[in-house]
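Welcome! Take a moment to look over the chain below, and then we will walk through it together.

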Amino acid sequence: MRDWVKAALINGWNLLHCVTFSSNQDPSPAMASRSQYQKRADQLEFKVLTYSYNIS
């Protein structure tokens, strides 16, 4: 990466100052390791919902 930035500065190439993404969700996330992916797939996930009711 550092070599690319150095070459860009020497050659007068434009560098990106800001990158924005149109969505915060990846439709097909990369799977770096099949075993790590399988471990995550086998884990249980819990969601805690808390409700509060006013009783008058």
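How many aromatic pairs does a search of the whole structure find? The search finds two of them. Please keep in mind that this is a predicted model.

**The aromatic pairs**

As a bit of background, two aromatic rings are described together by how far apart their centres are and by the angle between their planes. The table sets out both pairs in these terms.

| Pair | Centre to centre | Angle between planes | Arrangement |
|---|---|---|---|
| W4 and W13 | 6.2 Å | 45° | tilted |
| Y51 and Y53 | 6.5 Å | 15° | stacked |

Y51 and Y53 count as stacked because their planes are 15° apart, and planes under 30 degrees apart are given that name.

How open are these rings to the surroundings? W4 is partly exposed, with a relative accessibility of 49%. W13 is partly exposed too, at 43%.

**A nonpolar patch**

Y51 and Y53 also take part in a nonpolar patch on the surface, together with L49 and I55. From T50 to V5 is 45 residues along the chain, and 50 Å separates their C-alpha atoms.

Now let us turn to α1, which runs over residues 2-11. One of its 10 residues is buried, so this helix lies largely in the open. Just after α1 comes G12, which has a positive phi of about 75°.

**The whole protein**

Stepping back, which elements make up the fold? The protein has two helices and zero strands. Its radius of gyration is 23 Å, well over the 10 Å that the globule rule gives for 56 residues, so the protein is more spread out than a compact globule. The C-alpha trace spans about 70 × 40 × 20 Å along its principal axes.

What share of the 56 residues is buried? Buried residues make up 2% of them. The protein exposes about 6600 Å² in total, and carbon and sulfur atoms supply 54% of that area.

Technical notes:
Residues are numbered from 1 along each chain as its sequence is written. This is a predicted model: local features need pLDDT of at least 70, side-chain atom pairs count only at pLDDT 80 or more; totals for chains, interfaces and linings use all residues. Side-chain values use heavy atoms; hydrogens and water are left out. Patches are made of residues with over 30% relative accessible area and no salt bridge: like charges are joined within 9 Å, nonpolar side chains (Val, Leu, Ile, Met, Phe, Trp, Tyr) within 5 Å. Accessible areas come from the Shrake-Rupley method with a 1.4 Å probe; for residues, only the protein chains shown count as cover. A salt bridge is a side-chain nitrogen of Lys or Arg within 4 Å of a carboxyl oxygen of Asp or Glu. Rings of Phe, Tyr and Trp (its six-membered ring) pair if their centres lie within 6.5 Å; planes under 30 degrees apart count as stacked, over 60 as edge-to-face and the rest as tilted. Buried means under 20% relative accessible area, exposed over 50%, partly exposed in between (1.4 Å probe, protein chains only). Helices (H or I, at least four residues) and strands (E, at least two) are DSSP runs, numbered from the N terminus. The radius of gyration is taken over C-alpha atoms; the globule rule is 2.2 Å times the number of residues to the power 0.38.
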